Structures are given as C-alpha cells and as structure tokens.
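Subject: A structure for you to look at

Hello,

Here is the structure I promised to pass on. Please open it and keep it in view while you read my notes.

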Amino acid sequence: MLNPASPLAALIGAPMRPGRVAWIGLRPARRAPMRAVATAPIDPAAGLVGDRWQGRASTARQVTLLQAEHLPVIARFLGRDQVAPDLLRRNILVEGLNLLALKGRRFRIGTAVLEGTGECHPCSRMEEVLGPGGYNAVRGHGGITARVLEGGAVTLGDMIEAL
C-alpha cells in the first residue's frame, strides 16, 4: 500500500486536466453490435442504462471507458489506418486525459460520479473482431472499468474530470 504522505502519492493525487466524452456506445445484448448514442443515463444500481450489464449493482465493472488516443496505436499494431471505438466494445470513449490516472480515483463524467476500479483487459473476442493479433494489439490499451457512485447522465462533449 502506498504511503499517503509519500511524494509519489502526492504526484498520483495531483490535479489533472479534464478530458471530454467523444463517443458513447451501448451493448444491447451479448455479442450484439454496439449502438452509438448521443446521451445515456447512468444509474448506481444499473450502470449505463441500456447496456447489457444493466442491473449489476454489485460489480466493479458497471461502465467501461476507453481513451481515444489509443485507437491509432491499436490500429497501427494491426496494420490498419483506423479502428472504430465500437469494435472494442467499451461504453465511453474519452479524449484529452490519461484514463489510467483515474484508476482508484473518483471522477465526474457529465452529471454522474464514478470511481475507476481497474484496467479493462481485452477478451478473446478481440481476435474475432479485429483479426489475428487483435488481443495483443489491445493489451495495455483497453481502458478502465468503473463503478457508479452517483447517478446522472453522460452526453457527447461532456467533461470528464478527477475529483
């Protein structure tokens, strides 16, 4: 455990520039195509309303977030010009901040408050969706998972900021 009085703890807890919501996607059912939306309610008991994970209040993985800056990296690893966010099956694409800096921290996204609970590792489906090498292309670039602490809504263009 990190000593809260250490210089490293001070750096980890230091202020950071806010980011912005660039895309929102819902998975209506297992293996169903993602559905892009302009806004979505976020509920502490259900996570992102309309997503297949809705209703799992006890999980640390109610919402998944991906960093837009990682999409070109993943595409490059696959020898592609681009990779669309829906292929990675995360809920919210953000830009302008390092998502890993939110791991273990509370943050506001739109009018909701979430807590970063861990890294969102790729699943074997990445090989199916992205082709050979898909799993390894996403390793270290899969974003984070979060639990909902206070409900609200998220809309394209909303700010995301550490609290």
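Below is what I found, topic by topic.

Some ground rules come first. This is a predicted model, where local features need pLDDT of at least 70, side-chain atom pairs count only at pLDDT 80 or more, and totals for chains, interfaces and linings use all residues. Residues are numbered from 1 along each chain as its sequence is written, and side-chain values use heavy atoms, with hydrogens and water left out.

Sheet

Start with three strands. They form an open, antiparallel sheet in the order S4-S3-S10. Strands here are DSSP runs of E with at least two residues; helices are runs of H or I with at least four; both are numbered from the N terminus. Two strands pair if DSSP finds at least two bridges between them. Strand S4 (47-48) and strand S10 (152-155) are the edges, each pairing on one side only. Strand S3 (residues 39-43) is joined to S10 by four bridges. Thr 39 stands opposite Thr 155 in S10.

Cores

Nonpolar side chains tend to be buried together in soluble globular proteins. A nonpolar core is a set of buried Ala, Val, Leu, Ile, Met, Phe, Trp, Tyr and Cys residues joined through side-chain atoms within 4.5 Å. Buried means under 20% relative accessible area, exposed means over 50%, and partly exposed is in between (1.4 Å probe, protein chains only).

The largest core has 23 residues. Leu 65, Phe 107, Ile 109, Leu 114, Val 154 and Ile 160 touch the most other members. Several strands each supply at least two residues of this core, among them S3, S5 and strand S8 (112-119). A second, separate core has 15 residues, including Trp 23 and Ile 74.

Look at Ile 109. Contact means heavy atoms within 4.5 Å. Leaving aside neighbours within four places in sequence, Ile 109 is in contact with residues that include Val 21, Leu 65, Leu 114 and Ile 160.

Next, Leu 93. This residue sits in strand S6. Leu 93 is buried, at 7% relative accessible area. Not counting residues up to four places away in sequence, Leu 93 touches Arg 20, Trp 23 and Leu 71, among others.

Salt bridges

How many salt bridges does a search of the whole structure find? It finds six. A salt bridge is a side-chain nitrogen of Lys or Arg within 4 Å of a carboxyl oxygen of Asp or Glu.

Arg 20 and Glu 95 form one, with their closest N and O atoms 2.3 Å apart. Arg 20 is in strand S1 and Glu 95 is in strand S6, 75 residues apart. Arg 20 is partly exposed at 35%, and Glu 95 is partly exposed at 26%.

Arg 27 and Asp 51 form another, at 2.7 Å from N to O. Arg 27 is buried at 5% relative accessibility, and Asp 51 is buried at 4%.

Glu 128 also forms a salt bridge with Arg 31, at 2.6 Å between the closest N and O atoms. Glu 128 lies in helix H3 (residues 125-130) and Arg 31 in the loop between S1 and S2, so the pair ties together parts 97 residues apart in sequence. Arg 31, Arg 125 and Glu 128 are linked in a network of salt bridges.

A histidine pair

His 70 lies in the loop between strand S5 (63-67) and helix H2 (71-78). His 70 is buried, at 18%. A polar contact of 3.2 Å joins the side chains of His 70 and His 141. Such a contact is a pair of N or O atoms within 3.5 Å; within protein, one must be able to donate a hydrogen and the other to accept it, and residues adjacent in sequence count only if both atoms are side-chain atoms.

Best wishes
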